Amino acid sequence: MTHKNIWSAVDRIAAKMGLSCSGLARACGMDPTAFNKSKRVSKYGKPHWPSGNTLSKIVSVAKLSPEEFGRILRQK
């Protein structure tokens, strides 16, 4: 599992739900800018990983099983 895989999965889940990343963040009860691509890597190049709690919110809002989320993570 890589940083790129996780964020790509977040993007695919948002698209599957017909939402932008901002819309998905709002649906999760988070700040609309939380999933912005500009926030995924710091200005110093350090990757920002979504927390386990954030991933749990996404899975819950999208009504995904852990297996479905795993399949989405493995997609290229």
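Biologist: Is K63 buried or exposed in this structure?
Modeller: The model is a predicted one, and in it K63 has its place in the loop between α3 and α4. Its phi is near 55°, a positive value in a residue other than glycine. Because a residue counts as exposed when its relative accessible area is over 50%, and K63 has 72%, K63 is exposed.

Biologist: Within what arc do the buried residues of α1 fall, seen down its axis?
Modeller: The buried residues of α1 are H3, I6, W7, A9, V10, I13 and A14, and the elements that cover them include α2, α3 and α4. The face of α1 turned away from this buried side carries the exposed residues K4, A15 and K16. An α-helix has 3.6 residues a turn, so residues three or four places apart point the same way. The buried residues of α1 line one face of the helix because, seen down the axis, they fall within an arc of 150°.

Biologist: Which element gives the largest share of the largest nonpolar core?
Modeller: This core has 20 residues, and those that touch the most other members are V10, I13, L24, F35, I58, L64 and F69. The elements that give two or more residues to the core are α1, α2, α3 and α4. In soluble globular proteins, nonpolar side chains tend to be buried together. Here the largest share, six residues, comes from α1.

Biologist: Which residues does F69 touch, if those up to four places away in sequence are not counted?
Modeller: F69 is one of the core residues that touch the most other members. With residues up to four places away in sequence left out, the contacts of F69 are I13, L55, V59 and L64.

Biologist: Within what arc do the buried residues of α3 fall, seen down its axis?
Modeller: The buried residues of α3 are T54, L55, I58 and V59, and they pack against α1, α2 and α4. On the face turned away from this buried side, α3 carries the exposed residues G52, N53 and S60. The buried residues line one face of α3 because, down the axis, they fall within an arc of 135°.

Biologist: Is T54 buried or exposed?
Modeller: T54 is found in helix α3, and, not counting residues up to four places away in sequence, it touches M30 and F35. The relative accessible area of T54 is 11%, so this residue is buried.

Biologist: Is the pair of rings of W7 and F35 stacked or edge-to-face?
Modeller: The count comes to one aromatic pair, and it links distant parts of the chain, with W7 in helix α1 and F35 in the loop between α2 and α3, 28 residues apart. Both partners are buried, W7 at 7% relative accessibility and F35 at 2%. Ring planes over 60 degrees apart count as edge-to-face. The ring centres of W7 and F35 are 6.0 Å apart and their planes stand at 65°, so the pair is edge-to-face.

Biologist: How far apart in space are H3 and Q75, C-alpha to C-alpha?
Modeller: H3 lies in helix α1 and is buried, with a relative accessible area of 17%. Leaving aside neighbours within four places in sequence, H3 is in contact with R40, V41, P47, H48 and W49. Although H3 and Q75 are 72 residues apart in sequence, their C-alpha distance in space is 14 Å.

Technical notes:
Residues numbered from 1 in each chain as written. Predicted model: local features only at pLDDT ≥ 70, side-chain atom pairs only at ≥ 80, totals over all residues. Heavy atoms only, no water. Helix = DSSP H or I, 4+ residues; strand = E, 2+ residues; numbered from the N terminus. Buried < 20%, exposed > 50% of the residue type's maximum accessible area, 1.4 Å probe, protein only. Contact = heavy atoms within 4.5 Å. Core = buried A, V, L, I, M, F, W, Y, C linked by side-chain atoms within 4.5 Å. Arc of directions from axis to C-beta. Phe/Tyr/Trp six-rings, centres within 6.5 Å; stacked < 30°, edge-to-face > 60°.
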